[in-house]
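Student: I would like to learn how to read a structure step by step. Could we take one feature at a time?

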Amino acid sequence: MTTEQSRRKRASKLVAENKLEALLVTSLHNVRYLTGFTGSSANVLLYRNGNAVLFTDPRYTVQSKQQVNCHIKIAKGPLTRAIAAEISRVQVAKIGFEPEHINVARLEGLKKALPSKARLISAPEGLIAKQRMVKDEGEIALIRAAVDINSRALEAALKRFKTGMTETALAAEIDYQSRKLGADGPAFDTIVAAGVRAALPHAHPGAAKIGPGMLLIDMGAFKDGYASDMTRMVHVGPADSHYKRAYAAVLESQLAGIAAVRPGATAASVDRAVRRTLKKHGLDREFIHSTGHGLGLEIHEGPRVGKSDKSKLEPGMTITIEPGIYIEGWGGIRIEDTVLVTKTGCEILTPTRKDLVEL
Ligand code: ZN
Ligand code: ZN
């Protein structure tokens, strides 16, 4: 059985458990996960016995044959029409849809096109996403590769860094190095924030020149569809004692978070470990987001490593641990690694150093 076949087999059990005869998969990430298809237009009809049909358009006739080992239907017109034809051919009546991955117009269009006996039923939200939270060996290998490219790209870009360079120029250098090292592209818009701008957790790089002071870099690479995510701080010129103390506190909280990662622990307990440490240093109120997130085919996946996420960690989950503090008019500090939950705890995948760096 291929990887995709075994993924479909597991997913089809969820279809059956929810008393559906088939699931219409409209999320392209889920389509890729279940079939290996990487094109930009496709839906999958997954039957409860594990069989599946991929619907795509003529642009992907060759590609789909190369990538996919389930049934393929090349739709000459709208996918909806081809899907409706398939449904009336096999006469399934209870078809689930992914409520978070379909819009009203598409749903209405499907309802109109389907045979009168067929019913579209909202599947539980995140049905396939839950399965995707635990990565298989092949996925873990790709995430490792994405992490590795990301760290090497930062190293290469920092070698070319000069004081006075703009945030945009450094972000472009990072993206260029990452691509040269084999990334599909950035996993999200690279964040480069210098000085007081580091107080913005999701700063967009701008024309600001990077002078002496703190510099926050948050970057990720996609490799064969899988994401990595890392935040590092560098200090241009010597750091003062305030920065050093704050950096040490954030690092301590990040390590406390990592130490709390193990199978059976809740995502919320990891978040608590981070907050407790920051509180000890009087910095908990400056930590204004959650501790981390799962990542895989998407940069943000489950579990959400936050205050209220009760999901239990399992071996094979890949998550980020990224506490940060943000102080208006001063700046911000965030440190982020991608980690893999193992049978006994976790493995930090990100190899980049975390001691205080002064350039
Ligand atoms: Zn992140
Ligand atoms: Zn990040």
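Student: What spacing do the donors of the zinc ion (ligand 1) follow along the chain?

Tutor: In this predicted model, the donors follow the spacing D-x63-H-x28-E-x13-E along the chain. The residues behind those letters are Asp-229 (OD), His-293 (NE2), Glu-322 (OE) and Glu-336 (OE), which coordinate the zinc ion (ligand 1) at 2.1 Å.

Student: How should I read the angles among the four donor atoms of the zinc ion (ligand 1)?

Tutor: Ideal angles at a metal are 109.5 degrees for four tetrahedral donors. Four donors count as tetrahedral if all angles lie between 85 and 135 degrees, whereas the angles at the zinc ion (ligand 1) run from 79 to 154°, and its site is irregular.

Student: Which residue bridges the zinc ion (ligand 1) and the zinc ion (ligand 2)?

Tutor: Asp-229 bridges these two ions, which lie 3.1 Å apart.

Student: Are His-293 and Glu-336 buried or exposed?

Tutor: A residue counts as buried under 20% relative accessible area; His-293, at 8%, is therefore buried, and Glu-336, at 0%, is buried as well.

Student: Into which domains is the protein chain divided, and how much area do they bury between them?

Tutor: The chain is divided into domain 1 (3-131) and domain 2 (137-348), and between them they bury about 460 Å², with 56% of it on carbon and sulfur atoms. On the side of domain 1, His-29, Arg-32 and Tyr-33 lose the most area to domain 2, together 80% of what that side buries.

Key: Residues numbered from 1 in each chain as written. Chains lettered and ligands numbered in written order. Predicted model: local features only at pLDDT ≥ 70, side-chain atom pairs only at ≥ 80, totals over all residues. Heavy atoms only, no water. Donors = N, O, S within 2.8 Å, 3.2 Å for Na, K, Ca; no water. Tetrahedral: all angles 85-135°; square planar, octahedral: opposite > 155°, others 65-115°. Buried < 20%, exposed > 50% of the residue type's maximum accessible area, 1.4 Å probe, protein only. Domains from an automatic or database assignment. Buried area = accessible area lost by both parts, 1.4 Å probe.
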